[in-house]
Amino acid sequence: MPGPPVPPREPFEHVAHGLRRPDPYHWMRRLDVGTLAHLAAERDWYDASTGHLSPFVRKLRAEMTGRVPATDSSISWPQHGYSYYTVLPEGREYVQLLRRRHAAEDDTGPELLLDVNELASGGDYVELGQWKVSPDAAVLAYSVDLSGDEVYELRFRDLASGRELTDVVPRSAYGGAWSADSAYFFYTVHDELWRQHQVWRHRLGSPVASDELVMEEPDEKFELMVRTTRSGEQVVIWSECRDTSEVWVVPAAAPTAPARSVGGRRRGVEYHAEHCVLPDGSSRLLVVTNDGEPEFRLMAAPVPVDADQDHTAWTPVRDPVPGERLESVEAFASHVVLVSRAEGHSRLRIVPVSAPTSEGLVVDPAFDCGSVSVSRNEEFSADHVVVADESYLHPPVWSAVSFGSGARTELLRKEAPGFDPAAYVAEQRTFPSVDGTPVPATILRHVETALDGTAPCVMYAYGAYEAVYPDQEWDPAIPSLLDRGVVYVHAHVRGGGEGGRRWWLDGRLEHKQHTFDDHVAVADGLAAAGLVDGTRIATRGLSAGGLLQGAVFSQRPDRWRAVVAEVPFVDVVTTMLDPSIPLTVNEWDEWGDPSRPEDYAWMLRYSPYDNLPAPGGRPALLVTGAVHDARVMVWEPAKWVAALRESDRDWGPGCLFRVELGAGAHVGPSGRFAHLAYEAEVYAWLLDKLDAIPR
């Protein structure tokens, strides 16, 4: 190809608060034939520009897939008289769901319930939204998305015969719950803007057209979810926005009963509820809330039966632990597991149901710079909780933690063929941000790579929604960077949840600039301390992390050798001004509402599309997007790439846009090998730009 595609410019202006913003690529949002043709040309330019890397991509892919076991089995979980587990067969992209009967006399072997590879049917994409077996163990409810647009078809399968039932819900979203008698299934539906706004109840065997609406959320900032408690006694429905929530319960044994509110709705108050059975057989709800405690606390509430109740029915259960952010509670018959963050990492605390104020047993990560999480635990009467320990440099290890002693008993260790954790080093350091706030960063390297200022560096960050993404998870792709002398750094910037609720509050709305300052501060700190080669630092992030990449690309282009902005949210002001774009209104509490002048001002100051860097001296840039992405519309990265190239034509050919034209989701291709193939492409490009490919 002679050069990158040059899309036409059409006069268009956005006008708000007396300010005019030209937007000559606004036409791309039509997603018409012209837009699709331009996106196809962008993909052609990407393929042509990276073709020389193909042999290296294949080499990286072979390395990455080599660290994945040929056949991969999950930990099993007991439920309804069976043990359920998944298997990823050799050479296949997707898992199979199987089970074994607990009965000692049963020797029929494993029973195949669902093969996701068959659902793919040769297509490019398949993603399961949920799979839930009915309490009588007779029916599997599952939902599937075959394009990546997060619209799931809900299906039901008779497990005795393997036959698909005629009950099919063509459009559903995330979350679901069975009634106690296995006759009803609750599910969510999203509207045309992908907001989960309704909960419906389906009676098995009846026409879907006769399904009954259980709950509808009229406030466009809120989304609904539904689940069953571990006890099996309550169906929990909740509605939440970024800083407010409300919870209702429906008795699982009386699924047609009205949903009753657990504590009403108050602006700025968040809470979630879990059903708990006390030693005397009575019930109550355990409520995790920020009511009166910014880092959340544990309270108790009666189970509402005949009427809604408000927060005045709640009573404190235990005092907050200083320095801990309480995230959730997991209730079992005899014990409760409190899930929190403390000292920058995940933490579990096990306390008896009969003595919830006790100090309890503390379960911290088993690995340095690691994480510990509650695995799938469906059995309410269990005398232990199954947890997963892992880190960037340690594949997951599943253990049963005794409620009585806290002792870990290893159940399963994920294989990583050819990978030796002892060959790598992980450590955490802090670097001062612009305002003096210490910003933690996890640093990974090969034992033979010295932190002496000679090694190239790849940074990663997310920094939004109080999310820790990813939370120190094993990644079979990263060793391919470390083995080539690259230092990998995860910057735990404000806006994320690493430092608890305060860390998020200090990186959202009018404080969003802190997220970008933190990321640059870590990069500058790494260089100033002589830890890495300051002329060879690359950075990468996805979605909200893609916005971060766009912002630091514009604000400090001199800092980076290369930037990877994946499905980046870069046209911030335009998108947030348009409530007709999916998932916009319910994002105002994260980013701001630019219809308000003060919000408009702070958002405009960092919006990458509105703040292009000066021409000359820009780093190499790789951008990704997907036509079927329902979270970041593909026209955002497309417009940004076009504007960047137009504003610096000499640099423009080095700006690449890898767009998925067919099936593909917000987080990239589905399937274990397809996703690693994508990672190999990104890493090949990064290593090339960092001069880290042996010549």
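Start in strand E18 (residues 245-251), where glutamate 246 is the bridge partner of serine 239. Strand labels (E, at least two residues) and helix labels (H or I, at least four) are DSSP runs, numbered from the N terminus. The model is predicted: local features need pLDDT of at least 70, side-chain atom pairs count only at pLDDT 80 or more, and totals for chains, interfaces and linings use all residues. Residues are numbered from 1 along each chain as its sequence is written, and side-chain values use heavy atoms, with hydrogens and water left out.

**Stop 1: the sheet around E17**

Stay with E18 and select valine 250. Its bridge partner is valine 235. E17 and E18 pair in the antiparallel sense over seven bridges; two strands count as paired if DSSP finds at least two bridges between them. Four residues make the hairpin link from E17 to E18.

Now go to the other neighbour of E17. Strand E16 (residues 223-228) runs antiparallel to E17, with six bridges joining them. Select threonine 228: its bridge partner in E17 is valine 235. The hairpin of E16 and E17 has five residues between the strands. Click on glycine 232 there, which takes a positive phi near 80°.

How many residues of strand E17 (residues 234-240) are buried? Six of the seven are, so E17 is largely enclosed by the rest of the structure. Buried means under 20% relative accessible area, exposed over 50%, and partly exposed in between (1.4 Å probe, protein chains only).

**Stop 2: serine 182**

Select serine 182, in the loop between strand E12 (176-178) and strand E13 (184-190). Buried or exposed? Serine 182 counts as buried because its relative accessibility is 7%. Follow its side chain to the backbone nitrogen of aspartate 136, at 3.0 Å. Then show its contacts (heavy atoms within 4.5 Å). Neighbours within four places in sequence aside, serine 182 is in contact with Ser134, Pro135, Asp136 and Leu204.

**Stop 3: alanine 301**

Next, pick alanine 301 in strand E22 (residues 297-301). Alanine 301 is buried, with a relative accessible area of 2%. Which residues does alanine 301 touch, not counting those up to four places away in sequence? Show Val262, Arg284, Leu285, Val287, Gln309, Ala313 and Trp314. The C-alpha atoms of alanine 301 and aspartate 145 are separated by 38 Å, and the two lie 156 residues apart along the chain.

**Stop 4: a second open sheet**

Select E28 through E31. These four strands form an open sheet in the order E28-E29-E30-E31, with antiparallel pairing. Strand E28 (370-374) and strand E31 (408-413) are its edges, and each pairs on one side only. Direction ignored, neighbouring strands of this sheet are turned by 30° against each other on average. The axes behind that value are lines fitted to C-alpha atoms, for helices over the stretch in contact, and angles run from 0 to 180 degrees between N-to-C directions.

Select histidine 384 and look across to serine 402, its bridge partner in E30.

**Stop 5**

Helix H6 (residues 513-528) has 16 residues and reaches 22 Å from first C-alpha to last, close to the 22 Å expected. The expected span is 1.5 Å times one less than the number of residues. H6 is mostly covered, with twelve of its 16 residues buried. Among them are Phe516, His519, Val522 and Leu526. Past H6 comes glycine 530, with a positive phi near 70°.

Move on to helix H7 (residues 544-555). Its twelve residues reach 17 Å, close to the 16 Å expected. Eleven of the twelve are buried, so H7 is largely enclosed by the rest of the structure. Leu547, Leu548 and Phe553 are among those buried.

**Last stop: the cores**

A nonpolar core is a set of buried Ala, Val, Leu, Ile, Met, Phe, Trp, Tyr and Cys residues joined through side-chain atoms within 4.5 Å. Which members of the largest one touch the most other members? Select Met459, Tyr488, Leu526 and Tyr683, out of 111 residues. Helix H12 (residues 672-689) gives the most to this core, with nine residues. Finish on a second, separate core of 19 residues, including Trp77, Val116, Val133 and Leu140.

Key
A polar contact is a pair of N or O atoms within 3.5 Å; within protein, one must be able to donate a hydrogen and the other to accept it, and residues adjacent in sequence count only if both atoms are side-chain atoms.
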